[in-house]
Amino acid sequence: MITIARIDERLIHGQVAYAWSVAYKSEAIMVIDNEAAQDTFQVSLLQMACPPGIKCMVCNEEKGAELLKKYEKRKIFVVVKHPSTLLSLCEKGVELKEINVGGLYFKEGRRQISKTVYVDPEMEKVFQKLDRRGVKMENRTTPTDSKEDLMKLI
């Protein structure tokens, strides 16, 4: 069971490791990112950033979808860099009910829609596709923040 699916370009950092994983009691944090999964140094860094007692998995989209189906009874916190990764998981048969969008940072071509979320036109299209699939998307920086409907911000 996915306890929470979060989009955060920083992947695992203090807030993810200690605030989110505590608020959404998880047995594991699964980073799904094709690029990170190929970089052994980045995999090591992500594993070191994971809190003690919580398993850390770093995998590509294909393996992530496979593992989420295999371990559907386990409490897994999914974190990705890009909205398209979550759309890809849905297309591979992973059921996503809700997505937390918390860390898409400023880059050229992006516009700001909240304190920590900047989107480009391609991301907006992906969010619209997820919305049409019935996935609820909310914007929060920390678990204690009030939820904002992402689609109302776009």
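## Glu124 in helix 6

Glu124 counts as buried because its relative accessibility is 16%; buried means under 20% relative accessible area, exposed over 50% and partly exposed in between, with a 1.4 Å probe and protein chains only. Glu124 belongs to helix 6, residues 121-132. Helices (H or I, at least four residues) and strands (E, at least two) are DSSP runs, numbered from the N terminus. Not counting residues up to four places away in sequence, Glu124 touches Arg111, Val119 and Ile154, where contact means heavy atoms within 4.5 Å.

This is a predicted model, in which local features need pLDDT of at least 70 and side-chain atom pairs count only at pLDDT 80 or more, while totals for chains, interfaces and linings use all residues. Residues are numbered from 1 along each chain as its sequence is written, and side-chain values use heavy atoms, with hydrogens and water left out.

## Nonpolar cores

A nonpolar core is a set of buried Ala, Val, Leu, Ile, Met, Phe, Trp, Tyr and Cys residues joined through side-chain atoms within 4.5 Å. The largest such core has 32 residues, and Leu86, Ile99, Phe127 and Leu130 have the most contacts inside it. Apart from that core lies another, of 17 residues, which includes Leu11, Val31, Cys56 and Val58.

Leaving aside neighbours within four places in sequence, Phe127 is in contact with Ile7, Pro83, Val101, Leu104, Val119, Met137, Leu150, Met151 and Ile154.

## Helix 5

Helix 5 (residues 83-91) is mostly covered, with 7 of its 9 residues buried. These are Pro83, Thr85, Leu86, Leu87, Ser88, Leu89 and Cys90. Just after helix 5, Gly93 has a positive phi of about 95°.

Strand 2 (residues 28-32) is mostly covered: 5 of its 5 residues are buried. In a regular strand the side chains alternate between the two faces of the sheet. On one side of strand 2 the buried residues are Ala28, Met30 and Ile32, and on the other they are Ile29 and Val31.

Two strands pair if DSSP finds at least two bridges between them. Strand 2 runs parallel to strand 3 (residues 55-59), joined by 5 bridges, and pairs in the parallel sense with strand 4 (residues 76-80) over 4 bridges. The bridge partner of Val31 in strand 3 is Val58, and in strand 4 it is Val79.
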